[in-house]
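Work through the following exercises with the sequence and the model side by side, and settle each step before going on to the next.

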Amino acid sequence: MAKFLIVEARFYDHLNDMLVEGARAALKAAGHKVDVLTVPGALEIPGAISLAEASGEYEGYVAIGVVIRGETYHFEIVAGESARGIMALTMDGIAIGNGILTVENEAQAIVRADPAQKDKGGEAAKAALALLALKEKFGA
């Protein structure tokens, strides 16, 4: 049994609730413990994971958030930089499933967040589980 941390950028409560529900269900179904940490936005997720990893308390992480395209360039910055930060941590050997949705509108987000539909929170948790298994396989 491993201990996972779901780090959520809580901006759209109803969407995050669905994503966290899916991630939590997938991790618990696999027999693992789960904590949830809330940060202000998607850009803070990689930093929070890095700090949590330094504590040695967790074996894996799930990044949860929703970035909906708006009228400014801010969408591209948040989407790209949060993904880049997570990828950098993953390349350092941290088991992270990226469940940050980057969508055009709320309707797309609902379909992807809902555990009864695309369940992207659950998929991100399963990705974290797969990376943790690889980490253990290779003794990293």
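Helices and strands are here DSSP runs, of at least four residues for helices and at least two for strands, and they are numbered from the N terminus. The model is a predicted one.

**Exercise 1.** Locate Tyr-73 relative to β3 and α3, and decide whether Tyr-73 is buried or exposed.

Solution. Begin with the elements: β3 covers 60-68 and α3 covers 74-91, and Tyr-73 is found in the loop between them. Next, take the relative accessible area of Tyr-73, which is 59%; because exposed means over 50%, this residue counts as exposed.

**Exercise 2.** Classify the aromatic pair formed by Phe-11 and Tyr-12, and state how accessible each partner is.

Solution. The structure holds two aromatic pairs, and in the one formed by Phe-11 and Tyr-12 the centres lie 5.0 Å apart, with 75 degrees between the planes. Since an angle over 60 degrees counts as edge-to-face, the pair is therefore edge-to-face.

**Exercise 3.** Describe the largest pocket by its volume and its lining.

Solution. The volume of the largest pocket is about 310 Å³. Its lining consists of 19 residues, and those nearest the centre are Phe-11, Val-66, Val-67, His-74 and Val-78. Sorting the lining by element, one finds that β3 and α3 each supply at least two residues, and that the largest share, four residues, comes from β3.

Conventions: Residues are numbered from 1 along each chain as its sequence is written. This is a predicted model: local features need pLDDT of at least 70, side-chain atom pairs count only at pLDDT 80 or more; totals for chains, interfaces and linings use all residues. Side-chain values use heavy atoms; hydrogens and water are left out. Rings of Phe, Tyr and Trp (its six-membered ring) pair if their centres lie within 6.5 Å; planes under 30 degrees apart count as stacked, over 60 as edge-to-face and the rest as tilted. Buried means under 20% relative accessible area, exposed over 50%, partly exposed in between (1.4 Å probe, protein chains only). On a 1 Å grid over the protein atoms alone, a cavity is a set of points where a 1.4 Å probe fits but cannot get out, and a pocket is an open set with protein on both sides within 12 Å along at least five of seven lines; lining residues have an atom within 4 Å of a point. Grid points are joined across faces, edges and corners, and a volume is the space filled by probe spheres set on the points.
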